[in-house]
Amino acid sequence: MTSEHPPSYRVHPSPIGDILIVTTDDGIVTLHPFDGPLRSEIERVALALRAVPMPEDGPNAAADAAVSQLDEYFEGERREFDLTFDWRLVRGFTRAALEAVRDIPYGETAGYGEVAISAGSPGAARAVGTACASTPFSIVVPVHRVVRADGSLGEYGGRPDLKRYLIDLEQASGV
């Protein structure tokens, strides 16, 4: 899984703000909305990857697919994402938790404990919370669908308004 080319990035506007899409030869390595200087985001990703993402300078099938599918999602036309992920920034139980999150149906929510059970570790609700908080894949791995045991939303990268927006979008799209 070693990439021949350096990672590249694209910033895509969306109804919830700009979304940073970083790709490698292996797929999307991170995709998340950001609310701050692009340079800071690129530096954060570069530290994690140990490689500096460069602006796209040519065709990029993974980023093109992400942009197209994100646009369809925000228009209420897409319920599942079919993208190739590069999981290099995800370790251990976090991947199992995020894979379980991918199984939460569109427009529905699941508690951290439910996701822990689905991921094969029934006592790992807190670890699911950590996985959701640290995911490199927002929206396309729907961590916004994971809620507290009492049904309250909880955080979403410090921006619970985005979580509410995404849940409302899905529920309004006629599940």
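Is Phe74 buried or exposed? Phe74 is buried, with a relative accessible area of 11%. Welcome to this structure, which is a predicted model.

**Aromatic rings**

- A search of the whole structure turns up 6 aromatic pairs.
- One of them joins Tyr73 and Phe74: the ring centres are 5.3 Å apart and the planes stand at 75°, so this pair is edge-to-face.
- Tyr73 also pairs with Tyr106, again edge-to-face, with 6.3 Å from centre to centre and 85° between the planes.
- Tyr73 belongs to helix α2 (residues 61-74), while Tyr106 sits in the loop between α3 (93-101) and β5 (110-111), so their pairing ties together parts that lie 33 residues apart in sequence.
- Tyr73 and Tyr106 are both buried, and for Tyr73 the relative accessibility is 0%.
- Ring pairs link Tyr73, Phe74, Phe81 and Tyr106 into a cluster.

- Helix α6 covers residues 160-172, which makes 13 residues.
- From its first C-alpha to its last, α6 reaches 18 Å, close to the 18 Å expected at 1.5 Å a residue.
- The buried residues in α6 are Leu162, Lys163, Leu166, Ile167, Leu169 and Glu170.
- Looking down the axis of α6, you will find its buried residues within an arc of 155°, so they line one face of the helix.
- An α-helix has 3.6 residues a turn, so residues three or four places apart point the same way.
- The partners that the buried residues of α6 pack against are β3 (27-33), α2, α4 (112-118) and β6.

- Most residues other than glycine have a negative phi.
- Arg50 is not a glycine, yet its phi is positive, at about 60°.
- You can find Arg50 in the loop between α1 (38-49) and β4 (54-55).
- Arg50 is exposed, and its relative accessible area is 77%.
- Ile139, also a residue other than glycine, has a positive phi near 65°.
- To locate Ile139, look in the loop between α5 (125-134) and β6 (146-147).
- Ile139 counts as buried, because its relative accessibility is 0%.

Note on methods:
Residues numbered from 1 in each chain as written. Predicted model: local features only at pLDDT ≥ 70, side-chain atom pairs only at ≥ 80, totals over all residues. Heavy atoms only, no water. Helix = DSSP H or I, 4+ residues; strand = E, 2+ residues; numbered from the N terminus. Buried < 20%, exposed > 50% of the residue type's maximum accessible area, 1.4 Å probe, protein only. Phe/Tyr/Trp six-rings, centres within 6.5 Å; stacked < 30°, edge-to-face > 60°. Expected span 1.5 Å × (residues − 1). Arc of directions from axis to C-beta. Contact = heavy atoms within 4.5 Å.
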